[in-house]
Structure formats: structure tokens, C-alpha cells
Amino acid sequence: MNPEDIDLYRNISLKIIERVGEKIKEHVGNPESGQTVKMGADGTPTAYIDLIAENEVIDELIDKDFYSFLISEEIGELKIGKGSIEYINVFEELKRIYKENNNKDNNRSNIENNNKNNLKNQSKSSDNPRVIFLVDPLDGTNNAVKNISDYGISIAVGEIKNSEKITLEDIELGFIKNYANGQFYQAIKGKGAWLNGKTMTLSNETDLKNTSIGGFLNNRRYDSYNLVRKIRRFRILGSVVLELAYVANGKYDAFLDMRGSRIIDIAASKLIVEESGAIVSDANGNPLKNNLSIHEKTIVVASSNEELHKKIIKTINYNKSNDIKKVGILSRLDKYEAILFGAKLIQILEEKGIDVSIEHSLGEKLEDIKNNRNLKEIIDNISKSNENIANELDGINLNFDYNKYAEDISEFDTDILITLGGDGTLLRGQSKLNNNEIPILGINLGTVGFLTGLDVKDAFKSIESILKGEYYKEKRSQLKVSHGKKVFTALNEVVLMTEKPAKMLNLQVSVDGEIVEEFRADGLIISTPSGSTAYSMSAGGPIVDSKVGAFIIIPICPYKLAVRPLVVSDKSKIVVKLLKKGKKAVLVMDGQFSEEIDDTDEVQFVKSENDVYFIRTSDRYFYKKVKEKLTDTGLDSDKNCL
């Protein structure tokens, strides 16, 4: 953003701040001004004072001689300027502008090369917005109507560039005014942040027991309450905008919003905090790159320094980031690629002084292959068929006694288990572990590898980071299956099928004591969210985010039109009975082991008390995997991953 534009948008923002401040004065401390008048575009209630504040924002922007995008809490997403307002979707508008600009580029490339300045001026005078304002006209509404001194306005400004999207990283200006005490925060990307015109001083506290932290904690996925037990004090003041900014000037050592802050609330504060030298990330320590949208939310963790930030991230992630000292390895055994990959992994772990445990069968295979006369030919064939695996196997040394590492998987006492193969290998390893607390890292040497965390390419580089504690644990729920006195668990799914092929079962399904359906079918799947991308999906079930607390009931080829997949709470108890005498069935858990059931038996399904943990290197996991692995393109890309 050039200096002229910075001055222009700063002056507009200051005028908005002034207008809103003057207009809300008579409403501060007035409970009637806090009455709900409608639902805002973001889905939250709009108070009368909120509407008063937002109208001033609109009145200031509408008569400008250029168009802007405006995302504001109550009214939503607008194209505004030149005396007009148009309700739009920013994401769709950016795609349209991007396509339009690219068409112009293709048709007028020669003119662009010769007349760059003219085109720049023409672009500025066009009907396409050149800037976006994200405004929360009044954050801390309840504080304002009760005259509690933490309420204010937030304005973030970003320049529209030739891109199909605009994110938090594109915000270049941030302005916040606390109307209660007059404090004014501002930041310019790359140039710094100031409070009342002066540079701010961050807290240098790194000891959790001495820290003062503000925020909102409600999130079952993370251990935020453990953090509160460790710190000196925790505050909730009721204004995300101001409390996040308080990290920038040392009022807070850190701030968390584990509920998920709206982007319009944090856009300006994030820039101010980062320009002050502090750190802002999601709950796993990743930078915030969210799209700018009225509906977008994100967990926010801000800390005054890197050391404190790492401690907070570690604590809320169940202290998962301890250095790893013991590693267990389980591999598929039908492919040389996987076996040799295991050998290279052992070599790397030995060099780093990591204790290694491997399954007996892998030890036997490695002893066989290192004495194989055709070893060079085997490695050459791998190099020809799969470049990524060949690169990872470069420098392999097989001069180890592999039997000394071997033991039963059930006896593994390791910090993590690394599986080499696809989802089947991972499920095999998980089912044999006696310790459910051991997290699993899957390296995809299979076909799809939806549950695996790493692909082959650069796998060892990622493992080096993981060994240093640069990872987080993802928790997945399991099914507990009760059949008579026998109890089983399943991470993906349990399949009830006929004992004999081409026969149907008569089934009754109950949920929490209520009969849901009686029907004939080839079988039945009870799936966890983890299994929703496996057999469940192939049988017509929905894909369910792994964070959702649910189970899926999927009839297999039911002889009844009205019978469809059903999603139920994972707090429910599911009971399945066979209704036809003389017909036995087979219960299959994760494709790993099976149990025969008689016509008089019933099978009960509930959520297991024991969760399963996976090692992840990124929080962008589930939907990324859906796109990569469950499309035709994704499957094609894995053809070389044997």
C-alpha cells in the first residue's frame, strides 16, 4: 500500500471512529440501548446501540468517490461507495474481479507493458473495489450499556490485489479505539504499532506461574483449563478486540479465544499485536491465514514472546510436544519399498540416539533382505518405479542386527508408533497396542492413506521436526462393541454381515432404547467419524468431520426405500438384533478381526472410554485429505505410492 493510500484510509478510519464515538455517547450506560432489535449478519443478536454505531460506518463510506468492500458485524458484506450500497459475497466478487482482470490481461498484454501507469489509474477509477474494510463498530456492547470501561471500535484495512481471495495476511492497517478511556491503537504492516502515538513495550514474562492471561476457554478439544491452573491470574473482560490488543502493550502476557473469534473482531488487533513484536497463532501454533468473511472464525492464541507462546501451545495441546525418546515401528510386509523404508527409519533413529522397537516379523524381513543377493537390483527397481521413495532411501545402511529391536507390538512402551503402509497397516497396529495413549504417526506407503499423517516425499525431514516436539496430537473416538461377555473396540467401523454370501439379514436397530428401524439388508455398518471416509462412504454414508461427536448407522443394500444412513450422537447406545431364526452373522471390527453372532444375540455399541491419538504436523488436515485422497485426481496421484 503506497503512502498516499495509507493516509487516505487512515483518515477515513479516524473519521469513522470519531463519528461512532460521538453517536454512542448518549447510549452508554443506558440499558434500553442494549435491547435486541434484530439478528446480525453474523448470526448474533444486534442491540440498538450496535445499529447506531454501524450506521455511522456506512454513512462515512457510502459517499466516497471510490468503491470499497465492507464487512461489518450487523449488515454483513457490502460493496459500498459512490452513493450506493450493494449486498454481495466478498469471495464471489473477488473471483469475478480476478477473472475479469485476467481476461483484460490476455486481451491487452501489449498495452499493459507500455502503459502501466495509465492502467493503474484506470483500475483505480473502475467500479471494482480497491480496498476492504473490516469493522466491528462496537465490540463489548454489554460493557457499553452497563458503562463498564472495556468497549470500543475495530477497523482493519486491506488492499484488493489481483487474487481470487483475500486473507488476514493481507490486512495492512489496523485501528482500535477504547471509547471508555480514549486509548487509541494503530498499526501499519511492516512499519510498527503504536498506542496513543507511542511505541509499546511487551511483557517479557516466560514463567507460566507468573503470567496474566485473558480470554475465553470453552473448547473440549484443547486443555485450556489446565493452562488456567498453571498461571497466576485469568481475566475475562468481554471485549475480544481490546483484550487481544492488550498483549501488544503488556497489559496481558497472553490472550486466548478458544471458542473461535470472528475475523472482523481480530483483524485489526492481530496486526497491532504482530507489529508490536508479539506472536499470534491458532491453537497449534500455526499462522492465521483465514479468508476475510462475515462467517469466518478462528481460534486465537497470542503471546508476548516466543518462549511463553510455546509453553501455552504445549499446555493446551495436552503437553504433547515433549521430545520423543522411544519409537515403535510397524510396517506392511508385502512390499520391499516399505521394508527398506523401515530400515532407513531405524538408521535415522539410531543416529539420533532414539530407542527403537519393531515388530518381530519386520525384523525377520529386514534380516532376509539385507542378505538377499538381489538387493542392488531390488533398490534399482524401486528407484525406477518411485522417485520419491528412492530419494528417501538414498544413503541406506543395512548393517544392523534387526532382531535386537524386535518385540511384540502389544508390549511396545514407546512415545509414538510409526506405521509404514496404508490405513490397513495403521489400523492393524492400533488394534494390537495395549497402551491407547501411544500416539500413531502413519507414513503412507499404501493406496489412499486417509488416516496416515505423512506422505513419502520429505517424510524423514518431517520426522526430524516431530522428534523435536514440533507436532500436535489429534484425538479420535472409538466404538466399544459388546457381544455377550466379549468386548471389542473399533477406530473406523464395525460391519455386521451375513455368514453366507448372497444372503440377507433381518435386522432391528435401536438407539437409546427406541426402535429406529426394522429391515432386511446385506449387512449394517456402524461407523465413527474416522470411518466415515472408508467403507461407510462407499456404502453411501456421509463424510463426517472427525471433530464431530457422532456415530453413523449405514444399512448395506437395504431392501426398503425409506431406510437411509443415520447420524446419531456418540453419547447414544446403539443396539442391533438379528430377527430371523437360524440365520447367523459375522461381526468385523476395522477389517482386522471378526466374531460370529447367533440369531438370538444382540450387539451393543457405545463410545469407548479410550480415545486414539494421531500425530499431525498441520491443523489443515481433514478437509485437505478429503480433497487430496477422495477425488479421482487424488487417487490418481497415489498410483505410484505402493
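Analyst: A helix's expected span is 1.5 Å times one less than its number of residues, and helices are DSSP runs of H or I, at least four residues, numbered from the N terminus, as are strands (E, at least two). The model is predicted, so local features need pLDDT of at least 70, side-chain atom pairs count only at 80 or more, and totals for chains, interfaces and linings use all residues. Numbering runs from 1 along each chain as its sequence is written, and side-chain values use heavy atoms, without hydrogens or water.

User: How do you know what span to expect for helix 1?

Analyst: Helix 1 (residues 3–24) has 22 residues, and its 32 Å from first C-alpha to last is close to the 32 Å expected.

User: Which residues make up the buried set of helix 1, and what puts them on the same side?

Analyst: Buried (under 20% relative accessible area, 1.4 Å probe, protein chains only; exposed is over 50%, partly exposed in between) are, among them, Ile6, Tyr9, Ile16, Val20 and Ile24. The whole set covers an arc (of directions from the helix axis to the C-beta atoms) of only 165°, so it sits on the same side. Turned away from that side are the exposed Pro3 and Glu4.

User: What makes Asn2 a cap for helix 1?

Analyst: A side-chain oxygen of Asn2 lies 3.1 Å from the backbone nitrogen of Glu4, at the N-terminal end.

User: Why are strand 5 and strand 11 called edges?

Analyst: The open sheet has nine strands in the order 5-4-3-6-7-8-9-10-11, with mixed pairing. Strand 5 (84–87) and strand 11 (198–199) each have a single partner strand, so one side of each lacks a neighbour in the sheet.

User: How do you know strand 10 and strand 11 pair?

Analyst: Pairing takes at least two DSSP bridges, and strand 10 (residues 192–195) and strand 11 have two, in the antiparallel sense. Leu195, for instance, has Lys198 as its bridge partner.

Technical notes
Contact means heavy atoms within 4.5 Å. Axes are lines fitted to C-alpha atoms, for helices over the stretch in contact, and angles run from 0 to 180 degrees between N-to-C directions. A polar contact is a pair of N or O atoms within 3.5 Å; within protein, one must be able to donate a hydrogen and the other to accept it, and residues adjacent in sequence count only if both atoms are side-chain atoms.
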